[in-house]
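Good morning, and thank you for coming.

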Amino acid sequence: MTIPTYDWDFSFLWAYRWLILLGLWVTIAYTVGTILIGLAIGLLTGLLRLSRNKLLTAPLVAYVEIFRCTPLLVQIIWFYYALPVVLGINIPAHVAATLVLSLYTGAFYAEIVRGGVNSIERGQWDAARAIGMRRAQVMRYVILPQAVKRMIPPFMNQSIIQLKNTSLVSTIAVADLLYQGQMITGATYRPLEVYTMVAIIYFIVLFPLTLMAQGVERRLARSD
Amino acid sequence: MPGSADLPPMIEINDLWKSFGAVAVLKGVSLRVERGAVIAIIGPSGAGKSTLLRCINLLEDPDRGEIRVGERAMRFSADRRRAGADRELAAFRAATGMVFQHFNLFPHMTALQNVTAGPLIVKGMDRRAAESEGRVLLAKVGLADKAESYPSHLSGGQRQRVAIARALAMGPAVMLCDEVTSALDPELVGEVLGVIEQLADEGMTMVIVTHEIGFAQEVADAVAFMSDGVIVEIGAPDAVLANPENPRTRSFLARFHRSRGDAAR
């Protein structure tokens, strides 16, 4: 067996710098956009799932579990190719990508919200209800302020993962960082340099964010 | 028992039943508490003492029976289990102050914010009025200087006194105390019992679940012994505690005194 040899040469990438930046911009835009939409979905779903009304919670449980228990890649392909057939409408790639990424991360956020609320001791409910607060008031003034603090670390972790998740939209030709990398590879036939660069860019963006998340987690732990 | 004859009792409970799943915890409890009276409930753990208190405050939904506190009455039956709408329940609870074994202070609020939460959020009281009343209540429980402290910076005894002030802030007609000293270090028990005693002296109607037999004897107008979901015996403290008629009361008290290492009484 021969050891493969290769002449590394990254210099050609400079010519593609604007394309790469454009891809990074699209990646970040999808990340931030779908985190925000997903957060709205997750907050609503997580809180509504706390209801005792089974008619209300059953579809929400189905939503969360379907999105948590199937691969994101499959979801993206299904929403782009299969859903248009089912509904008889055309779904553009950017719409399918935004929809799936938001619903996917929203399912995880919903579980974070539900877990955070459920982690607050029963006694807090008792005490708040004992002084006459109604359910919505207990939630707003007593439970959520405490629960949000506990939700922040898992929320940050999930959001960091979301930036990497967006790379899967390249499979339906959304022009994110990975997609541009594939384009450059097609033009230059130098996949090793291109994918190395893509990896480094993801790392440069995410590593400081993970450090920040750890810092926040430590500060929250201390303030308890 | 104090209380004038022309006024109905402050609390009237009739044939109250409550099960958790297959376990019947209350099996037909009836109790009358006159205005200004203090009733101490003693008994072994699992007797249903805490559940009874929680039912009076509607934190638990009784299966059947009747509860009246002041002017507000609730009737429960098999076909109408839910005690009522959220709003109705909230109003009922606000009239009965409850103090818990584990304090249950809101950890993200200062002592003063804990005390003013009810008046501000539930009653919609003006902030300045609520805060000045809150400070008066904190002073009353001896914590005037701790208004801005968070619960994590208070001792157990201080936390429980804030919890008492928080309950009083709603101007309850009745105070329910659920083993309020059980989670405290022995040296902190006195300061909390002192506050309860002061409330009793001021004429507050109270139902106190307690393991402090000596305290029950001192502060209560009547002692009720609960066992296995029913009130087995109720009467003047001296009678129930010193000369219990019921064999179950007798054996409970005998065991209690033995474990405390002191002679009967």
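A word on conventions. This is a predicted model, in which local features need pLDDT of at least 70 and side-chain atom pairs count only at pLDDT 80 or more, while totals for chains, interfaces and linings use all residues. Residues are numbered from 1 along each chain as its sequence is written, and chains are lettered from A and ligands numbered from 1 in the order in which they are written.

Let me begin with chain A. It contains 8 helices and 0 strands; helices (H or I, at least four residues) and strands (E, at least two) are DSSP runs, numbered from the N terminus. Along the sequence the pattern is therefore α-α-α-α-α-α-α-α. The radius of gyration of chain A is 22 Å, well over the 17 Å that the globule rule gives for 224 residues, so the chain is more spread out than a compact globule. That radius is taken over C-alpha atoms, and the globule rule is 2.2 Å times the number of residues to the power 0.38. The C-alpha atoms of chain A fill a box of roughly 75 × 50 × 40 Å along the principal axes.

How much of chain A is buried? Buried residues account for 30% of its 224 residues. A residue counts as buried if 20 or more other C-beta atoms lie within 10 Å of its own, as exposed if 12 or fewer do, and as partly exposed in between, with C-beta atoms placed from the backbone. Among contacts in chain A between residues at least 6 apart in sequence, 76% join residues at least 24 apart; two residues are in contact if their C-beta atoms, placed from the backbone, lie within 7 Å.

We turn to chain B and its sheets. In one of them, 6 strands form an open sheet in the order β6-β7-β8-β3-β9-β10, with mixed pairing. Two strands pair if DSSP finds at least two bridges between them. Strands β6 and β10 of chain B stand at the edges with a single partner each, so one side of each is left without a neighbour in the sheet. The twist averages 20 degrees from one strand to the next. Here axes are lines fitted to C-alpha atoms, for helices over the stretch in contact, and angles run from 0 to 180 degrees between N-to-C directions.

Within this sheet, β3(B), residues 38–42, runs parallel to β9(B) and is joined to it by 4 bridges; Ile41(B) has Ala224(B) as its bridge partner. By contrast, β9(B) and β10(B) run antiparallel, with 5 bridges. These two strands form a hairpin with 2 residues between them, and Asp228(B) in the turn has a positive phi of about 55 degrees. Helix α1(B), residues 49–56, lies across β3, β6, β7, β8 and β9 of chain B, at about 150 degrees to β8(B). Helix α6(B), residues 186–201, lies across β3, β7 and β8 of chain B, at about 145 degrees to β8(B).

Another open sheet of chain B has 4 strands in the order β2-β1-β4-β5, with antiparallel pairing. Strands β4(B) and β5(B) form a hairpin with 2 residues between them, where Gly70(B) in the turn has a positive phi of about 60 degrees.

Next, the contact between the chains. It takes 22 residues from chain B and 16 residues from chain A. On the chain B side, α2(B) gives the most, with 6 residues. That side divides into 13 nonpolar, 5 polar and 4 charged residues. Ala, Val, Leu, Ile, Met, Phe, Trp, Tyr, Cys and Pro count as nonpolar, Asp, Glu, Lys and Arg as charged, and the others, Gly among them, as polar. Buried residues of α5(A) pack against α6(A) together with α2 and β6 of chain B.

Finally, the cores. A nonpolar core is a set of buried Ala, Val, Leu, Ile, Met, Phe, Trp, Tyr and Cys residues joined through C-beta atoms within 7 Å. The largest has 117 residues, and those with the most contacts inside it include Ile41(B) and Ile208(B). Helix α4(A), residues 93–118, gives the most to this core, with 13 residues. A second, separate core of 5 residues includes Leu177(A) and Val198(A).
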